Amino acid sequence: MKLVYFAWVRERIGLAEEEVTPPDSVTTVHELLDWLKTRGEEYAEALKYPEAIRVAINQEHVRQNEPIAGAREIGLFPPMTGG
Amino acid sequence: MPCRIAVRIQSEPFDTAAEIADIGRGDSDVGAVVTFSGLCRDEAGTLAALEIEHYPGMAEAEITRIAEDAAERWPVSALSVIHRHGRIGIGEPIVLVVAASRHRQAAFSAAEYLMDFLKSRAPFWKKEHRVDGSAGSWVDAKEADEQAISRWE
């Protein structure tokens, strides 16, 4: 699946997007965040406060208990400040 | 007649007067047009500009979903939303909402609803460029904006 990052999540991870293949044991957004944190210091720092991370699956907002099965694209970003 | 919804995400400035003229054109049933313009503030002289990042594709889709919700709640004839991205100078417009309806109340309410949800649901993020050249920070989301949504539930 493709992960896309925005704002300070993008800056801290140091990437705008990447393709990942999480292990089968990762079934929800919350588990995905936990798994990403093990991939390096940048990830651990960016995702240190998971409650501050907003998530979209296939460009629609979801909660962190949402299953990730069937997700083509998952966006991770801070609370939005539009308008 | 279904509500006409138009959403544009662009870096260029926009012409508010032209948007107001466009929304009523060809629809003689429109009796009220309400607009909201959001501008870039200088925060007591400390800011030189804002850099607005967005999630391409989702930004359009999410604002369209919000506009569709508004059109289900109130009898509006048309809703247009323009949101800019990239570098925005002080005093420049960032966002425009134009709502048209037969009578004014639907247009006022729909415009307010759209802005309330756009602020904390549309995927945009603001970064500060400071006058003194120091590294600007990302603007924090406001609790008040989150609370503004709850009054519509």
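Guide: A definition comes first: the radius of gyration is taken over C-alpha atoms, and the globule rule is 2.2 Å times the number of residues to the power 0.38. For the 83 residues of chain A, that rule puts a compact globule near 12 Å, and chain A has 12 Å, which agrees. The model is predicted, and the values here are computed from it.

Chain A contains three helices and five strands, and their order along the sequence is β-α-β-α-α-β-β-β. Along the principal axes, its C-alpha atoms fill a box of roughly 35 × 30 × 20 Å. Of the 83 residues in chain A, 47% are buried. Taking contacts in chain A between residues at least 6 apart in sequence, 48% join residues at least 24 apart.

Now the aromatic residues. Over all chains, the structure holds nine aromatic pairs. One of them joins A:F6 and B:W125, with ring centres 5.2 Å apart and planes at 10°. Planes under 30 degrees apart count as stacked, so this pair is stacked. The pair crosses between chains: A:F6 sits in the loop between strand 1 (2–5) and helix 1 (7–13) of chain A, while B:W125 belongs to strand 7 (residues 124–130) of chain B. Both A:F6 and B:W125 are buried.

B:W125 also pairs with A:F77, and here the ring centres are 5.1 Å apart and the planes stand at 55°, so the pair is tilted. This pair, too, crosses between chains, running from A:F77 in strand 5 (residues 73–77) of chain A to B:W125 in strand 7 of chain B. A:F77 has 0% relative accessibility and therefore counts as buried. For B:W125 the relative accessible area is 2%, so B:W125 is buried. Ring pairs link A:F6, A:F77 and B:W125, together with B:Y55, into a cluster.

B:H54 is located in strand 3 (residues 47–54) of chain B, and at 14% relative accessibility B:H54 counts as buried. Apart from neighbours within four places in sequence, B:H54 is in contact with A:F6 and B:W125, and also with B:I9, B:A59, B:H85, B:P123 and B:F124. Of these, B:P123 is 69 residues away from B:H54 along the chain, yet their C-alpha atoms are separated by 5.7 Å.

For another buried residue in chain B, take B:S77. B:S77 lies in strand 4 (residues 76–84) of chain B, and with 13% relative accessibility B:S77 counts as buried. Setting aside neighbours within four places in sequence, the contacts of B:S77 are B:P2, B:C3, B:R4, B:D27, B:V30, B:A100, B:S101 and B:R102.

Technical notes. Residues are numbered from 1 along each chain as its sequence is written. Chains are lettered from A and ligands numbered from 1 in the order in which they are written. This is a predicted model: local features need pLDDT of at least 70, side-chain atom pairs count only at pLDDT 80 or more; totals for chains, interfaces and linings use all residues. Side-chain values use heavy atoms; hydrogens and water are left out. Helices (H or I, at least four residues) and strands (E, at least two) are DSSP runs, numbered from the N terminus. Buried means under 20% relative accessible area, exposed over 50%, partly exposed in between (1.4 Å probe, protein chains only). Contact means heavy atoms within 4.5 Å. Rings of Phe, Tyr and Trp (its six-membered ring) pair if their centres lie within 6.5 Å; planes under 30 degrees apart count as stacked, over 60 as edge-to-face and the rest as tilted.
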